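Dear colleague,

Please find below the structure that I am handing over to you. My notes on what was found in it follow directly after.

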Amino acid sequence: MRRRVQGLRKETVRTDITVVGGGLAGVCAAVAAARLGCKVALVQNRPVLGGNSSSEVRVWVCGATAHGIHRFARETGIMGELFVENQYTNPEGNPYYWDLVVLEQVKAEPNIQLFLNTDVHELEADGPEEQRTIRSVTGWMMGSERRIEFRSSYYLDCTGDGLIGYLAGAKYRIGREARNEYNEDWAPDTADSITLGSTLLFYTKDHGAPVKFVPPSFALNIADTSIPLQRVIKSGDNGCAYWWIEWGGELDIVDQNERIRDELWSVIYGIWDYIKNSGQFDADTMTLEWVGSIPGKREYRRFVGDYELNQNDLLAQKPFHDRVAFGGWSIDLHPPQGVYAKERGSNHLHLDGIYHIPFRSLYSINVSNMLMAGRNISASHVAFGTTRVMATCAVIGEAAGTGAALAAHKGISPRELGERHIEELQQLLLHQDASVIGLAHHDPANLARQARVRASSRCRHIAIEEPVCAYPLTADTGLLFPVDPRVAGVELLLDAADDTVLEVELCGTGRAENYVPAESVDSCLVKVARGEQQWVALELNWEPQTAQNAFLIIRSNPAITLYQSEGLFSGVLMFARRPLAGRQLEAGHPQPAVEWDMRRQSRFPLCFRMRAETKAYNEGCVTDGILRPYGGPHSWMSAVMKEDRQPWLELSWPEAVVIRELHCIFNDDVNEDLINLHHHRTPFDVIPELVRDYRWEGLSGGEWQEIARMKGNRKRKQIHKLGRGIPVEAVRLVVEATNGSPRAEVIEIRAYG
């Protein structure tokens, strides 16, 4: 419906769901709901999608991996698709190419109507204060003279600042709670209105010839401030190194947004003047390539939901019954004075592993048809210090969008969905390959669950035996590996410069989602004779009640040199123990996830072998419903393809079934950190463990026939639709090639009739 009002065109858009805010939370929410058949309006007030990650702001997309501190923690689902696609199409981390990756994810969904440059500033809602209902939101499309009213049954506030909920009368909080409210030791004694500040970034480049810089009149003379003493300034640093150019936490960051931007500009140009003209840097040929103009906000309104996530939930890694998303970034809080603070720019408290986010934190306590996703969810200021990072906001967005779609299909409120249908929501998320940590996917329609599973081969022994480089044992070293069913001796490849004694300790990891040493289960002292490249036996034994990971600590010994191999062996990680002193960490809290560092070691594991045969890579893993590592790899791994040239997995049934869809989830190594915007490159554009070429075969009438084929796969999940269906007694997934791994690896296969 369109009509002209005083020369302006007025439109009404009717959809099932309206998502306001086109950051990563809003994008993932819109895509999730659209894939479930809902008509979605995605409304963004900027010309590009991506929010703080877009080319307009250029903040890198952090998440549960915490720059590789947390293991097997990268997001799957829609955010995982974006990571993997960006790694292939944009390995250099070009921010404009990232814009395209995000835009194409939205444009691929026919159920989404996208409205860019549309600033929502009006809202119609009714009902008493405790039971508000949004009827419509209205925005102005800049440059088009269009006033657009959006009418839906459900609204998702993904604006970051929480404008929609504010206009609707949703209960919210701004600032820091008092310590005694949730007994949070990171909270202040007295509540206040202080928030985290905003940041502007800048890019530089080497022009190749001398370039002068004449500072503007408003450039700050940073030599008169504490900045050169308290912050690290280098001439060649990229934009992300200046995350600490932050200010505004003591102000209202929305009301004073323009003032904050101007102050940040003065700081940036002052820093650049200092670099160019102080004579302390080799910067004659350097020039500014880009300076941000939109402050990247960290914090503003946080809506009140049926549950407020707090610091103690995170420290306990509380497994909420209604968990629908997860995070892993540190609790990361900054001083209110920002760049002018005398103390360091941030303090970090890393958990032992990932934490869980409940659905009750994703809908408003008093606006009946509003969900929220992103940095405005129901959480205390301290808990928000970790939930605010963008990849975590994205998985929250997928959960909220999925919840909105399911509520729409049932015609119920988000609260009723959470109270009566939470298991259905969790299973739907798992069906979409989102991660609900610790829960298994058990779709009764999946015929694979009723099938007998066979494989041409499997990895029966954990053995890494080809050394490529020496590793002096100058610090405690860790080795993580799956235990299924037992440890019955471990052997290490090493050199000994002299006769010595090697001390080792075998530990469990506590929780299945953790990868740090917890309880000790065995230890031994081993006499080692002087010699080179000798296999030394460690008499360690452990048979846990359930399959889980072991963490082997090898104590430092200057006489010992270990060996590293090259290439990933899924489920196995090596760690170096590094001192915590001097890091931006919160004192008083042990942080083993930081202390045991695997970031430079993940694809260079120690040479070792286990005596006992393992079941960790059995073919049964592909139907156990666990879609990522959790107390073990939970994936099938074949023998090396030099021996089993075309390894296969087979599902068979006692009687013929009709198959209409086949789903494959391949191993995309969620341990690999793929945050390549601004920094962090991998030597490959496609995860090597992903299966590249494969075919599906069906057995009918005693004959195998090809029923589907894929060449050049680079994605984690593929769905093959077989039209009206094919009657089969069995199906086989035959792997012809990987993207570099010597073995075929599959996490899950599903079959639907």
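This is a predicted model: local features need pLDDT of at least 70, side-chain atom pairs count only at pLDDT 80 or more; totals for chains, interfaces and linings use all residues.

Five strands form an open sheet in the order S5-S4-S3-S9-S21, with parallel pairing; strands here are DSSP runs of E with at least two residues, helices are runs of H or I with at least four, and both are numbered from the N terminus. Two strands count as paired if DSSP finds at least two bridges between them. The edges are strand S5 (112–115) and strand S21 (370–372), each of which pairs on one side only. On average, neighbouring strands of this sheet are turned by 20 degrees against each other, direction ignored. Axes are lines fitted to C-alpha atoms, for helices over the stretch in contact, and angles run from 0 to 180 degrees between N-to-C directions. Three bridges join strand S9 (residues 154–157) to S21 in the parallel sense, and Leu156 stands opposite Leu371 in S21.

Helix H1 (residues 24–35) touches strand S3 (17–20), strand S4 (40–43), S5 and S9, and its direction makes about 170 degrees with that of S4. Helix H10 (residues 390–410) touches S3, S9 and S21, and its direction makes about 170 degrees with that of S9.

Residues are numbered from 1 along each chain as its sequence is written, and side-chain values use heavy atoms, with hydrogens and water left out.

As to the protein overall, its secondary structure comes to 13 helices and 40 strands. The radius of gyration is 27 Å, close to the 27 Å that the globule rule gives for 753 residues, so the protein is as compact as a globular protein of that length. This radius is taken over C-alpha atoms, and the rule is 2.2 Å times the number of residues to the power 0.38. Along the principal axes, the C-alpha atoms fill a box of roughly 80 × 70 × 55 Å. Buried residues make up 61% of the 753 residues; buried means under 20% relative accessible area, exposed over 50%, and partly exposed in between (1.4 Å probe, protein chains only). Of the contacts between residues at least 6 apart in sequence, 78% join residues at least 24 apart.

The next topic is strand S32. Four of its five residues are buried, so S32 is largely enclosed by the rest of the structure. Strand S25 (residues 477–483) pairs with S32 in the antiparallel sense over four bridges, and Met574 in S32 is the bridge partner of Leu479. S32 is also joined by two bridges to strand S33 (residues 596–597), running antiparallel; there, Arg577 stands opposite Trp596 in S33.

Aromatic rings come next. A pair of such rings is described by the distance of the centres and the angle of the planes. Rings of Phe, Tyr and Trp (its six-membered ring) pair if their centres lie within 6.5 Å; planes under 30 degrees apart count as stacked, over 60 as edge-to-face and the rest as tilted. The count comes to 17 aromatic pairs. One of them, Phe569 with Tyr617, is edge-to-face, at 6.0 Å centre to centre and 80 degrees between the planes. This pair links distant parts of the chain, 48 residues apart: Phe569 is in the loop between strand S31 (560–564) and strand S32 (573–577), and Tyr617 is in the loop between strand S34 (608–610) and strand S35 (636–637). Phe569 is buried because its relative accessible area is 8%, and Tyr617 counts as buried at 0%.

Phe666 and Tyr694 form a tilted pair, 5.1 Å centre to centre with 55 degrees between the planes. Phe666 lies in strand S36 (residues 648–666) and Tyr694 in strand S37 (residues 691–700), so the pair ties together parts that are 28 residues apart in sequence. Both residues, Phe666 and Tyr694, are buried. Elsewhere, Phe202, Tyr242, Trp244 and Trp272 form one aromatic cluster.

Finally, the residue Gly508 has its place in strand S27 (residues 500–508) and counts as buried, because its relative accessibility is 0%. Leaving aside neighbours within four places in sequence, Gly508 is in contact with Val516, Pro517, Ala518, Glu519, Val521, Trp542 and Asn549.

Yours sincerely

Definitions and conventions. Contact means heavy atoms within 4.5 Å.
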